[in-house]
Amino acid sequence: MQDLNQLRDELLAEVQGAGDLEALDRTRVAALGKKGRITELMKQLGALDGEARKEAGQALNRVKDAVAEALDQRKAGLADVALNTRLAAERIDVSLPPRPEGRGVIHPISQVLDELVAIFGEMGFSVAEGPDIEDDFHNFGALNIPPEHPARQEHDTFYLPDRADGAKMVLRTHTSPVQIRTMQKTTPPIRIIAPGRTYRSDHDATHSPMFHQVEGLVIDEKTHMGHLKGCLIEFCRAFFGVDDLPVRFRPSYFPFTEPSAEVDIGCTRKGGELTIGAGDDWLEILGSGMVHPRVLENCGIDSTKYQGFAFGMGIERIAMLKYGIPDLRTFYDSDLRWLKHYGFVPLDVPTLTGGLAR
Amino acid sequence: MKFTLSWLKEHLDTSASLDEIVRMLSMIGLEVEGVEDRSAALAPFTIAHVVSAEQHPDADRLRVCKVDTGTEIVQVVCGAPNARTGMKGVFAPVGSHVPGTGIDLKKGTIRGQESNGMLVSERELGLSDEHDGIIELPADAPLGLAFAKYAGLDDPLIDIAITPNRADCLGVRGVARDLAAAGLGTLRPLDTSKRNGSYESPIVWRRDFPAGQESACPIVVGRHFRNVKNGPSPKWMQARLKAVGLRPISALVDITNYVMMDLGRPLHVYDAHKIEGGHMTIRLARDGETFHALNGKEYDLDAEMIVLGDDHGVDDLAGVMGGERTGVSEGTTEVFLETALFDPIRVAITGRKLGLLSDARYRFERGLDQTSPYWGTDIATRLILEICGGACSDIVVEGTEPEWQRSYTLRIARIAELGGVAVKEGESIRILQTLGFEVATTETTGTYSVTPPPWRGDIIGEADLVEEVLRIHGYDNIPVVPLPRETSMPQPAITPAQRRVPLAKRLLAARGLVEAVTFSFMPSGQAALFGGPVPAEMRLSNPISSDLDAMRPSILGNLLAAAQRNANQGYPDLALFEVGPQFADPTPKGQSAMATGIRAGRTAPRDWSKQQRPVDAFDAKGDLLALLEALGAPTANLQVSTDAPDWYHPGRSGCLRLGPNVLASFGELHPRVLAAYDLKGPVVGFELFLDRVPMAKAKKGSTKPFLKLSPFQPVERDFAFVVEDSVAAEQIVRAAKGADKVLVSEVGVFDIYAGANLGEGKKSVAISVTLQPTDRTLTEEDIEAVSGKIVAQVEKATGGSLRR
């Protein structure tokens with residue numbers, strides 16, 4: 001027994017003394033290998049008999065287990081040290097920037113367009129489209145703007161050469177021709193918005209030869225000006241994210257609506273800074289009105305049965321107001337610095353439930 | 001349209017304050033653009049007496065003045081040449097803000113002499129450009145009185161925007177009438193008393209129009225005056241004209257301008273001495289005739305324009321501008337007055353053709369009061385006789401007053417149906433009557449026959465009458481009603497095809513491209529790079545500049561121009577895209593919705609990881625394929641062809657097609673194109689026709705196809721083939737895929753090698769083939785068998801051989 005205790009202590013000391021995994025393995029072989037000291041003793045057990053063999057065997061197994069456990073522990077310890085040493089050598093400078101990736105952005109016009117679709121979509125509007133190059137009839141005639149009408153002169157129209165059939169071709173000066181195209185091919189009820197590019201021959205600090213408008217049209221048998229007010233007040237408050245935004249309707253004139261109204265929202269201009277919300281001043285943002293009976297008739301819709309309202313507004317204008325973009329002309333410059341500053345994260349799709357303001 | 005408060009009150013008897021009037025104007029459709037209270041800025045400036053003005057001891061051009069302000073005597077150093085002892089002037093005290101110069105006055109010492117304030121010029125007060133000297137006032141100007149009050153500048157100036165339909169409000173009286181209807185006072189009566197002539201006019205009208213075209217001038221009224229004195233007009237008239245921005249010229253001219261601004265009735269006066277032949281003839285101009293206008297310019301006329309002339313020739317462009325030859329001057333003693341109606345359309349066309357804008361044209365083309373030739377003549381007569389003296393002839397008239405009377409049915413119920421507010425019947429009628437409409441009952445209760453007044457040519461139906469009632473009743477009084485939802489849950493607002501547009505934008509942006517929005521036009525010279533010279537039908541007839549004269553045949557040009565601008569700013573590496581229209585012809589079908597992008601320069605900025613490289617065609621192809629995949633295109637079936645348009649590098653570009661249908665092109669831009677945009681390159685681009693991408697077939701429900709996952713290990717095998725250089729990698733991939741359509745699930749190209757050991761004109765293409773068994777684990781024999789098929793297929797399809 002004495003011998004076994006001594007053996008155990010010797011072997012455990014050897015295990016502890018092993019400096020690396022290789023030395024530890026040599027120790028394992030010397031103790032538990034085919035010719036190891038414990039293995040050799042195991043072989044001798046066969047010479048004993050009965051009770052003695054059982055006792056000696058148990059004692060030897062206890063030594064073997066103790067050594068094996070020590071080996072495992074030491075091995076784990078040495079592996080940790082080796083790993084730590086390796087990891088220490090693998091250190092990188094984590095302050096370096098990551099590999100560059102292009103950062104794409106969505107233009108404010110597209111973002112606002114998606115906001116408009118989200119709001120009006122919720123109110124039951126669907127999106128209609130029409131061509132940018134229009135004929136005189138769709139852009140003017142059907143909208144109650146005859147050739148020499150003063151309202152037409154205010155449009156600063158771009159012309160293209162006349163069509164073979166003599167029709168004057170224009171770049172649409174507003175999105176209103178989409179109203180006409182929609183009414184020509186749809187039986188009411190109609191509830192559409194028509195966003196798109198529009199063109200006017202004007203280029204200065206506050207005018208661009210191309211800009212975007214969104215048109216709205218509701219036609220059924222009972223929609224009146226109270227609904228026009230309700231719809232547009234809801235829109236203004238949702239779009240600008242101001243629940244108590246004052247909205248004012250003023251009589252105005254558009255050849256294709258009667259009665260007509262311009263719509264103002266409340267604001268303050270303290271210290272030269274414009275803030276949208278309840279205040280002491282007003283800001284004009286859109287035009288609207290009840291669709292003129294003649295316009296309905298021009299599209300083959302019975303004006304004694306159907307009525308409704310239309311509205312139109314500049315997308316850049318509301319984008320500028322909402323997001324504090326100071327200069328209209330910069331929208332089309334494609335200046336990377338501007339786009340990255342005023343642009344939007346591509347996966348940030350505006351929804352009513354997820355929020356419209358960014 | 002500008003007017004002063006006191007001018008308005010000439011027509012409107014009201015106790016309303018300026019604020020109330022301003023608010024009401026906007027709320028009845030006469031939008032106030034500005035209110036200028038000129039007295040506020042001029043408040044500190046008072047009338048002062050220069051007690052003495054002596055030469056400054058140390059400065060030749062300065063005078064030291066003792067100025068009596070009415071409350072004290074102060075010393076002021078003054079540099080004006082007209083500063084002199086005894087004069088009356090306008091004094092600005094220390095502490096006042098001088099509006100014309102923007103300077104706050106401080107007490108100072110000028111070359112040793114104390115100066116407390118200043119004597120000011122008109123320019124310093126912001127009244128005019130006059131700065132030759134300080135303001136000199138008459139000796140009787142009251143000492144110490146506020147200058148603004150003395151000069152009549154304490155009358156607030158209101159500026160309103162008049163919509164094109166409200167010609168009647170292009171005179172102060174029309175504005176007053178609207179305010180009266182809105183309850184802000186009552187309209188004062190207008191003195192239209194007639195004056196009898198004391199002699200027969202020596203000048204008569206003649207109308208000489210081709211048959212059927214007499215409507216060019218339905219009526220003209222004239223009157224001759226003699227022994228008039230055309231001096232300056234009265235101060236009150238001058239002050240009002242000046243306030244609204246008109247320069248006083250002489251009594252006769254000022255009277256015509258005043259009647260125009262006051263009542264919206266343009267007039268013209270001729271110097272009757274200068275009219276030859278005793279007549280003024282109204283006719284269409286003859287092609288080639290010329291006209292010397294009052295503004296000193298000469299205009300070429302054509303046969304569409306209405307003119308007035310005598311034996312000498314044309315000297316008035318009807319409704320637009322008078323002529324130089326017969327204009328009145330200081331020496332005029334005999335006058336012939338013209339008060340006419342002209343066809344608004346002809347006036348508009350004439351003015352636009354000649355580029356001639358005038359206050360008269362503005363009013364004529366919007367339509368005048370149809371009865372105004374008579375009352376306009378009466379009012380002008382009264383003013384001329386009062387101001388210029390003399391005597392007037394009987395009136396001379398040619399033509400007849402147009403039939404302006406018409407009536408429309410107004411159903412009172414219609415106001416609520418359309419307007420959403422029930423306005424009381426009596427109130428509705430009151431509003432219309434105060435606005436000058438005649439309202440007659442009909443046999444039907446609640447239905448009226450309404451005749452618009454002669455100044456409301458814009459009223460053409462019941463909806464207009466409803467608007468009149470509503471706008472005066474007030475839009476604020478219309479109750480807000482939510483737009484009823486037709487469905488309890490919102491329905492999709494966009495169609496699947498429309499949904500592709502935001503999807504394409506956001507996909508490309510997520511890949512690192514920046515969205516641009518550029519003009520739909522471009523310079524025709526640059527447009528020609530994208531498909532040849534721009535056809536005439538795609539060029540604007542009236543471009544703003546030659547930079548914006550053609551509808552863009554491709555978006556690439558505008559993106560390249562943007563790349564060039566950014567490069568000039570120091571950002572040569574970029575990735576831009578635009579989703580928008582391009583134009584092949586003027587028909588709706590000629591407009592294509594495109595998703596177009598470019599990548600320029602290097603793929604990334606210089607950085608420690610050394611990842612950056614010049615962009616190449618595969619960057620563009622990658623963008624394109626990702627886009628097509630996102631849009632649901634059958635990308636597995638796409639074929640690549642090498643026939644991209646000629647604005648691409650011929651050897652480094654391609655088209656993606658589905659059979660004959662070209663969906664997109666991509667590749668490196670042609671060096672010729674880059675040179676035109678002064679770009680150093682490389683630049684790659686892609687152009688996708690969004691509408692050509694087939695829509696997924698409509699299916700029932702939203703279920704995706706059943707997904708069957710194989711439990712068996714896939715196996716990967718590599719092959720390298722030596723082929724002719726001209727063989728497209730895609731041919732090899734397709735052949736390998738086709739070798740066993742069940743087992744071969746993926747084929748990738750992982751190496752391209754060309755070397756002398758392969759032989760001239762040869763290359764090696766290495767592919768990795770994934771075999772995915774579905775029913776059992778593959779054995780070596782299975783793999784050998786399919787490998788043999790792959791080799792055979794590829795060799796057959798390409799004429800190449802397996803590289804050993």
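Reader: In what sense do strand β7 (residues 88-92) of chain B and β12(B) pair, and over how many bridges?

Author: In this predicted model, strand β7 (residues 88-92) of chain B runs antiparallel to β12(B), and the two are joined over 2 bridges. To read such a pairing residue by residue, one looks for what stands across from a given position: B:Phe91 has B:Leu119 of β12(B) opposite it.

Reader: Which strands make up the open sheet of chain B, and in what order?

Author: The sheet has 5 strands, arranged as β6-β5-β4-β7-β12 in chain B, with antiparallel pairing. Because β6 (73-78) and β12 (118-119) of chain B stand at the edges with a single partner strand each, one side of each is left without a neighbour in the sheet.

Reader: Turning to chain A, how many residues of helix α8 (residues 176-185) are buried?

Author: The general idea comes before the count. An α-helix has 3.6 residues a turn, so residues three or four places apart point the same way. In chain A, helix α8 is mostly covered, with 8 of its 10 residues buried, and these form the run A:Ser176, A:Pro177, A:Val178, A:Gln179, A:Ile180, A:Arg181, A:Thr182 and A:Met183. The elements of chain A that cover them include β2 (133-135), α6 (136-139), β5 (190-199), β6 (210-220), α10 (293-298) and β11 (307-314).

Reader: Where is A:His174 found, and is A:His174 buried or exposed?

Author: A:His174 is located in the loop between β4 (169-171) and α8 of chain A, and it counts as buried because its relative accessibility is 3%, the cut-off for that class being under 20%. Its side chain makes a polar contact of 3.4 Å with the side chain of A:Ser176, while a polar atom of the A:His174 side chain lies 2.9 Å from the backbone oxygen of A:Asn139. If neighbours within four places in sequence are left aside, the residues in contact with A:His174 include A:Leu143, A:His155, A:Arg200 and A:Phe256.

Reader: How many residues of chain A and chain B are in contact, and what area do the two chains bury between them?

Author: On chain A, 95 residues are in contact with 93 residues of chain B, and the two chains bury about 7,600 Å² between them, with 60% of it on carbon and sulfur atoms. A:Glu148, A:Pro251 and A:Leu336 supply 9% of the area that chain A buries against chain B, more than any other three residues.

Reader: What is the count of salt bridges between the chains?

Author: There are 6 salt bridges between chain A and chain B; one of them joins B:Glu578 to A:Arg197, whose closest N and O atoms are 2.6 Å apart. The side of chain A that touches chain B divides into 47 nonpolar, 23 polar and 25 charged residues.

Methods
Residues numbered from 1 in each chain as written. Chains lettered and ligands numbered in written order. Predicted model: local features only at pLDDT ≥ 70, side-chain atom pairs only at ≥ 80, totals over all residues. Heavy atoms only, no water. Buried < 20%, exposed > 50% of the residue type's maximum accessible area, 1.4 Å probe, protein only. Helix = DSSP H or I, 4+ residues; strand = E, 2+ residues; numbered from the N terminus. Contact = heavy atoms within 4.5 Å. Buried area = accessible area lost by both parts, 1.4 Å probe. Salt bridge = Lys/Arg side-chain N within 4 Å of Asp/Glu carboxyl O. Nonpolar A, V, L, I, M, F, W, Y, C, P; charged D, E, K, R; others polar. Pairing = 2+ DSSP bridges. Polar contact = N/O pair within 3.5 Å; in protein donor to acceptor, adjacent residues only side chain to side chain.
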